[in-house]
Each structure stands twice: as structure tokens, then as C-alpha cells.
Amino acid sequence: MSEVKLVNIKKVYPVIERNKNKKNVNGHRTGNLQITDQGVVAVQEFSLDIADKEFIVLVGPSGCGKSTTLRMVAGLEEITSGELYIDGEYMNDVAPKDRDIAMVFQNYALYPHMTVYQNMAYSLKIQKASREEIDRKVREAAEILDITDYLDRKPKELSGGQRQRVAIGRAIVRHPKALLMDEPLSNLDAKLRNQMRAEIIKLRERINTTFIYVTHDQTEAMTLGDRIVVMKDGYIQQIATPQEVFDHPSNLFVAGFIGTPQMNFFDAELKLRDGDYWVDVEGASVRLADEKQERLKANHVEEQAVTLGVRPEHLLLADKGIAGRVTVSELMGSSRHLHLTVDGKDVIIIVPSTGGTGNYIGSDVALGFDGSNAHVFSKATEKNLEY
Amino acid sequence: MTIANSSRSRKAKVQLFILRVLAYLFIGILVAMCLFFFIMLLLMSSKSNSQLQGAFSLKWGGHFLENLHNAWNDASTNIPRGMVNSFIVAMSSALITTYFSALTAYGIHVYEFRFKRAIFTFIMAIMMIPSQVSAVGFIQLAYKFGLTNKLWLLILPGMAAPVVFFYMKQYLESVLPLEMVEAARIDGSSEFRIFNEVVLPIMKPAVAVQMIFSFVSSWNNYFMPSLLLTKPEKRTVPIMIAMLRSADYSKFDMGKVFMFILLAILPVMLVYAVLSKSIIKGVTSGSVKG
Ligand SMILES: Nc1ncnc2c1ncn2[C@@H]1O[C@H](COP(=O)(O)OP(=O)(O)OP(=O)(O)O)[C@@H](O)[C@H]1O
Ligand SMILES: [Mg+2]
């Protein structure tokens with residue numbers, strides 16, 4: 001049992017000169033964060049119930065408050081207001097060491113003067129575990145992470161990927177209630193990152209604890225998370241399963257943030273015809289899918305000007321529809337990305353690369369899409385009208 | 001193209017070779033200059049008094065062990081006692097100075113608290129006050145409280161060493177990522193234990209450097225001990241050496257005097273030899289990316 005519950009958590013960093021200097025090095029922007037008399041509001045109105053053994057991913061652009069949130073759960077950062085419960089116990093003022101959580105840092109933060117074994121054994125040693133128990137647990141964790149061969153080495157004698165494994169090993173040896181990870185893979189190169197991502201999925205099956213994982217990489221978020229929390233400027237934008245976030249992004253930001261290439265946006269009109277919702281865009285008119293009809297009806301959405309979002313893979317070449325001209329064609333292997341100009345705006349679509357000579361550039365095409373893949377956002381609030 | 005390249009690279013090699021030779025020559029001269037005094041001292045301490053009174057020669061005198069025996073067992077200058085006293089003072093103050101300076105530096109580096117800036121400035125300001133100035137008050141205090149002839153009185157003030165503190169702080173800033181402290185906190189370590197088990201080992205090179213400096217300066221310190229230590233059995237080596245000057249040279253065995261001096265610098269060299277081993281660069285490399 002290890003549920004983590006955050007209730008209306010808020011974090012305000014008092015603005016102190018020396019803090020500024022410290023943080024600017026990391027390229028943090030405080031640009032869009034709310035600044036009050038007390039200081040910079042890094043996180044606010046953060047409420048989340050994390051179930052036992054759930055894998056939660058916090059994702060968002062740099063400076064949105066992911067690390068801050070994680071550090072508040074870890075106890076490394078004071079919670080300005082709100083409540084934090086772990087297993088139902090009020091944790092706001094409990095020291096990190098008494099929270100029974102473990103954390104993996106972006107830059108590993110291994111103890112340089114200790115061997116891999118000692119690094120992993122350190123927390124157990126502090127708990128005054130017996131020699132045999134320490135040995136058993138360290139070897140067990142090393143086995144899981146496949147680092148048994150390096151136990152006698154110092155961190156500086158390891159590669160980046162191995163160091164990251166050790167850092168994870170150090171976190172899992174004592175079977176914490178929750179495992180917190182702050183961008184654990186961002187220091188690795190692309191190939192190793194993919195590999196480690198798969199390892200984390202496997203790891204999860206083996207150690208079965210609650211995970212809170214911070215990343216700014218949406219692929220990691222989509223592949224790892226049971227639920228993902230999309231954040232921006234200190235606010236939660238959406239909490240949902242990866243599928244839900246992908247299929248029903250709650251607002252323009254989430255729609256643009258999740259998915260590559262980015263979702264295409266058009267100015268469109270939402271119309272009601274015979275009790276059904278239609279979108280009219282660039283001369284094309286598409287009836288929304290039944291599921292969307294119901295959601296919109298339930299919200300009593302009225303006819304209005306909207307921002308229409310369609311993902312590149314959902315825009316199809318058609319006989320008639322939205323007219324555009326191809327400007328760039330990129331062969332990606334099994335598929336081809338076409339950059340089009342539609343009414344002066346850039347649009348990307350993905351088409352299969354099979355057949356065809358690939359000489360698309362300069363040609364005029366028409367685009368269509370299915371009513372189940374159209375996302376309509378309010379112009380005023382930028383919210384998805386389905387919600 | 002390739003020919004031009006190879007001739008150019010040969011030229012570069014020759015240049016590099018000449019540069020190396022010059023560099024080694026320069027270093028060699030410096031080393032010789034530094035070693036000269038030690039070699040002379042060693043030579044002198046091997047000569048008998050009469051040899052020393054005679055013409056100067058670079059030959060080994062052959063009375064080394066005799067001088068050593070005489071110096072060690074000298075009745076008026078109790079050099080073994082002095083060395084023990086000096087060692088107690090120098091070693092303890094080196095330990096105390098480095099440990100507490102590192103601790104202070106850690107506190108200032110890692111924790112956020114009110115008036116941190118002010119405290120830091122205050123410590124730096126103390127650095128500006130010459131020790132002779134504060135010594136006057138200190139000595140008066142010592143006499144008023146009747147604390148003369150106490151070795152610990154020479155040791156304890158080492159706890160507050162702004163220069164060492166500053167050095168330690170600079171060092172910490174360059175080698176200690178805060179994440180490491182946080183990782184240790186999450187691992188369940190207490191703050192004090194983090195310092196002793198995680199931070200101090202990382203600071204080993206800095207500690208070694210400062211240990212050497214404090215040991216040497218404390219070992220050589222004449223000013224404070226001469227004012228505070230009056231009893232013969234409490235004297236430190238520098239006091240004893242200084243007192244040799246007032247001795248009657250015509251009657252005095254100069255070979256013994258050189259032996260005293262040799263003995264006086266021996267521990268310093270030993271400490272240097274032992275500690276310089278731990279001054280290895282890059283102890284933190286690999287703990288943290290970047
Ligand atoms: N100690 C601090 N003092 C003042 N402001 C801070 C401090 N730490 C973080 N901030 C600000 O709080 C905001 C959130 O920071 P946080 O580290 O949580 O961002 P993040 O989402 O983890 O970003 P990244 O992806 O770059 O790691 C940032 O804008 C940052 O400038
Ligand atoms: Mg971060």
C-alpha cells in the first residue's frame with residue numbers, strides 16, 4: 001500500500017537575489033509564471049490522487065514546475081500551502097528520510113568516493129540493516145539492473161548508462177513506498193534513452209511500487225505512464241491516461257504539446273445542422289463522430305467560431321476538401337511528412353511512403369479528415385469544447 | 001599537400017621538443033634552488049664543531065649520528081619534549097582548523113538561512129584583522145584567567161580560520177552538487193552524517209592542502225607560543241631554536257645546532273609527504289554528469 005495524495009499544493013519561491021543566480025545557470029525561465037508579493041509561484045492548485053503502484057508521469061515544458069512538485073513530494077522543498085499525504089499520513093512537515101521514498105536525480109548524484117556496492121548499500125547501512133540483509137538486497141537490485149559486474153567500481157569508472165542504472169539501483173534497494181524520478185534519462189544519448197526506457201518498463205514489472213516520473217519528453221510520458229499529468233506555467237493542464245490525452249486533449253496547449261509532429265490548427269466554424277455538430281473549415285464540412293456529438297451535446301455547446309485541431313496522421317489526401325500546396329516533402333522511412341501551405345499557414349500531414357515517386361513538391365492537394373479525429377477548441381478559452 | 005603537412009608536423013615536433021627542454025631546465029633550476037638549503041643543512045649536521053669552525057667544505061663530515069645523539073640528549077634544550085609539544089599543537093590545530101572550517105563552509109554553502117550573507121561578510125571581515133592585533137587582547141585574557149602554559153590555548157583558536165573557511169567554500173562550490181546532499185538526505189542520512197560520510201571524503205584534496213598549511217604554520221609559529229609558554233617543559237620547537245641564539249657560540253657545539261634545525265623541519269616534511277598523496281584531482285569526476 002502506498003498511495004500518494006496531493007491536495008491543492010502550492011509552491012512559492014521567495015525571490016532572493018542569490019537564488020536567481022543559481023537557477024539561471026540551468027536555463028530556467030520565470031517568464032510566464034505568476035509572480036506575487038511573496039515571490040515566484042512555481043506550482044499552484046496541484047491536486048492529484050496517485051493510486052498504489054500507479055505510474056504517474058509529470059510532463060511539460062521547461063520551467064513549468066515538474067521538478068518542484070516532485071521535490072515537494074520528496075520533502076526536499078517546503079510546501080507553501082496544500083496538503084501531502086502518503087498512505088493517508090500527513091507528510092507536509094516530515095523529513096525526507098522519514099517519508100520512505102527514494103529518488104533518482106537527473107545528474108545521478110552518486111557518491112563519488114564509494115563503490116557501486118557502497119553507493120547502493122548506503123541507505124541500508126543507515127537503517128542499520130544486517131550485513132547479510134544489505135548484501136542480499138544490493139545483489140538483488142544489482143541483478144535486476146544488470147550491474148552485478150560493476151559492484152566494485154567507482155562511479156567515475158562507469159559509462160553514463162551504467163551510472164544511471166546505479167542511481168536507480170540505489171533508489172530501489174530499500175523497496176521504497178514511492179520511487180521518484182526527475183528526468184532520469186535526459187543525460188543519455190537517444191539510443192541509450194530508448195533502451196533505458198524499455199528497461200524502466202521492465203523494472204516496473206519487477207519491483208512494483210508507486211512511480212512518479214518527471215520528464216519533458218512526451219514519448220517517455222506516453223510510453224511509461226498509467227496516467228500523465230501535463231503541466232504548464234505551474235498549473236495542471238490535464239490528468240488522464242496517455243490514450244485519453246492523445247485522443248481528447250483538454251486544451252490547445254495539451255493538443256500542441258503531445259504528439260509529433262504537432263497537431264495542425266485551423267480556424268473553423270462549429271455548426272449545428274439537424275441537431276448534429278459539423279465543422280466547416282476552408283470550404284470543407286465534416287460531421288463530428290457520434291462520441292463527440294454526445295460530449296458536445298452534454299455540454300450544450302452552441303454554434304461558434306472555433307479552433308479546429310487535426311493531427312498530421314489524421315489528415316488524408318482527398319479529392320476535395322481543404323486546399324493546400326506542398327512545399328516540403330520529407331521521407332521518414334515508412335512514412336512521408338508533407339509540409340503544406342493552407343491559406344498562408346503551415347500544415348503537416350503524414351502519408352504512407354509506399355509507391356509514388358515522391359515528387360509532391362509544388363503540387364496542389366486537397367485534405368480531408370474523419371469526424372472522429374477532429375478536435376474543436378473554444379477561441380475564447382482555448383479549452384476543448386468536449387470538456 | 002601531404003609532404004607540406006609532414007614537414008610542418010616535423011617542425012612542430014622540433015618546436016615542442018625545444019620547449020620541453022627549456023621547461024625542464026627551468027624546473028630543474030628551481031628544484032636545485034629549493035634543495036640547496038636542505039642539502040647544506042644535511043651536510044652541516046654531519047660535521048663536528050671543529051670541522052665547522054674550520055674551512056668550508058662540501059664533504060660529508062661523518063659525525064651525523066654523534067650529533068644526533070648529542071642533540072637528542074642535550075640537557076638544556078630538551079628537543080624530544082619540544083617536538084612532542086609542537087606535534088601535539090600543530091597536529092591538533094591542523095585537524096581542528098580544517099574540520100571546523102570545512103563544517104562552516106558546508107553550512108554556508110548548503111543551507112539557506114537568514115543573515116547568511118551578513119555572516120559570510122563578517123567572517124571575511126575577520127580575515128582583514130592582523131593576528132598580531134587580536135593577539136594583544138588574547139594574551140591579556142590568557143594571563144588574567146591564568147591560562148598560560150596550556151597547550152590547548154594554542155590549539156583552540158584555530159577553529160576560527162577565515163582564510164581556510166574561504167578556501168573550503170570555494171572548493172565546495174566547485175565540487176559539491178546539492179543533489180548529492182539531497183540524495184543522502186533521501187537515503188536517510190542525518191545532516192551531520194552527510195557531512196562526515198559524504199561531503200568530507202569529497203573534500204579530501206582541499207582538506208589535505210589545508211592540513212599541510214595549518215600544520216606547517218602552526219609548527220613554525222613562534223609568536224603566540226613565545227608569549228604564552230613560559231615553563232621549559234611546555235616549550236615548542238621554535239622557542240627552543242630561538243633560544244639557541246642567545247647561547248655562547250664559542251662554547252657551543254655548532255654541529256648540534258644544525259642537528260636541532262634538521263630535527264625541527266623533519267616532521268613538516270613528513271606531514272607533507274604523507275598528505276600530498278591525497279591531493280589527487282578529480283575525485284568527484286563521475287558522480288555527476290557534466
Ligand atoms: N530555488 C528557486 N528559487 C526561485 N525560483 C525557482 C527556484 N527553483 C525553481 N524556481 C522556478 O520555479 C519554476 C519551476 O521550476 P522547476 O525546476 O520545477 O521546473 P521544471 O518543470 O522541472 O523544468 P525543467 O524541465 O527545466 O527541469 C521555474 O520557473 C524556476 O525558475
Ligand atoms: Mg526539472
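# Briefing: a cavity, a pocket and a pair of domains

In the largest cavity of this predicted model, at least two lining residues come from each of β7 (101–104) and α5 (160–172) of chain A and α9 (178–186) of chain B. Helices (H or I, at least four residues) and strands (E, at least two) are DSSP runs, numbered from the N terminus. Residues are numbered from 1 along each chain as its sequence is written, and chains are lettered from A in the order in which they are written. Local features need pLDDT of at least 70 and side-chain atom pairs count only at pLDDT 80 or more, while totals for chains, interfaces and linings use all residues; side-chain values use heavy atoms, without hydrogens and water.

**The largest cavity**

- On a 1 Å grid over the protein atoms alone, a cavity is a set of points where a 1.4 Å probe fits but cannot get out, and lining residues have an atom within 4 Å of a point.
- Chain A lines the largest cavity with residues including A:Met103, A:Phe105 and A:Arg174, and chain B with residues including B:Ile186 and B:Asp187.
- This lining comprises 6 nonpolar, no polar and 3 charged residues, where Ala, Val, Leu, Ile, Met, Phe, Trp, Tyr, Cys and Pro count as nonpolar, Asp, Glu, Lys and Arg as charged, and the others, Gly among them, as polar.

**The second largest pocket**

- A pocket is an open set of grid points with protein on both sides within 12 Å along at least five of seven lines.
- The second largest pocket has a volume of about 1,200 Å³.
- Its lining has 40 residues, of which B:Ser131, B:Pro157, B:Gly158, B:Ala160 and B:Ala161 are the closest to its centre.
- The lining of the second largest pocket has 26 nonpolar, 14 polar and no charged residues.

**The two domains of chain A**

- Chain A is divided into domain 1 (4–253) and domain 2 (254–378), with bounds from an automatic or database domain assignment.
- The C-alpha centres of these domains are 37 Å apart.
- Contact (heavy atoms within 4.5 Å) joins 20 residues of domain 1 to 17 residues of domain 2.
- Between the domains there is 1 salt bridge, defined as a side-chain nitrogen of Lys or Arg within 4 Å of a carboxyl oxygen of Asp or Glu.
- A:Glu244 and A:Arg295 form a salt bridge through their side chains (3.7 Å, N to O).

Notes. Grid points are joined across faces, edges and corners, and a volume is the space filled by probe spheres set on the points.
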